[in-house]
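Let us walk through this structure together, one element at a time. Have the sequence and the 3D view at hand as you read.

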Amino acid sequence: MNLTKFVIANGTNISFDYSSFERAVKIGVRFSDNINDISVLPLPEYQKSVKDKRRIGVSIVTGK
């Protein structure tokens, strides 16, 4: 996610749109978790590990 997309600049007033950011994070987490559900892995042990631990990653970037 690009954090600059959530910055609201209105003249000299600058703020961060936390509600839009929260929605985007929820969607990103849900998407990443769904990928775990549909992934096909070569060994049953890998599949069990993915389902048990539910590891995901959502990247945060700043800038354009």
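What follows goes from a helix to its charged pairs and then to the aromatic rings.

This is a predicted model, in which local features need pLDDT of at least 70 and side-chain atom pairs count only at pLDDT 80 or more, while totals for chains, interfaces and linings use all residues. Residues are numbered from 1 along each chain as its sequence is written, and side-chain values use heavy atoms, leaving out hydrogens and water.

Start with helix H1, residues 18-38; helices here are DSSP runs of H or I with at least four residues, numbered from the N terminus. H1 has 21 residues and reaches 30 Å from first C-alpha to last, close to the 30 Å expected at 1.5 Å a residue (the expected span being 1.5 Å times one less than the number of residues). Which residues of H1 are buried? They are Ser20, Gly28, Ser32 and Asn36, where buried means under 20% relative accessible area, exposed over 50% and partly exposed in between, with a 1.4 Å probe and protein chains only. These residues cover an arc of only 155° around the axis, so they sit on the same side of H1; the arc is taken from the directions from the helix axis to the C-beta atoms. The buried residues pack against helix H2 (44-53), whereas the face turned away carries the exposed Arg23, Lys26, Arg30 and Ile38.

Serine 32 is worth a look: its relative accessible area is 16%. Leaving aside residues up to four places away in sequence, serine 32 touches Ile56, Gly57 and Val58, a contact being heavy atoms within 4.5 Å.

Now to the charges. A salt bridge is a side-chain nitrogen of Lys or Arg within 4 Å of a carboxyl oxygen of Asp or Glu, and by this rule there are five. In one of them, aspartate 37 meets arginine 54, with the closest N and O atoms 2.8 Å apart. Aspartate 37 lies in H1 and arginine 54 in the segment after H2, so this pair ties together parts that are 17 residues apart in sequence. Arginine 54 also has a positive phi of about 50° although it is not a glycine. Asp33, Asp37, Lys51 and Arg54 are linked in a network of salt bridges.

Finally, the rings. There are four aromatic pairs; rings of Phe, Tyr and Trp (its six-membered ring) pair if their centres lie within 6.5 Å, and planes under 30 degrees apart count as stacked, over 60 as edge-to-face and the rest as tilted. Phenylalanine 16 and phenylalanine 21 have ring centres 5.5 Å apart and planes at 70°, so this pair is edge-to-face. Ring pairs join Phe6, Phe16, Tyr18 and Phe21 into a cluster.

Technical notes
Helix = DSSP H or I, 4+ residues; strand = E, 2+ residues; numbered from the N terminus.
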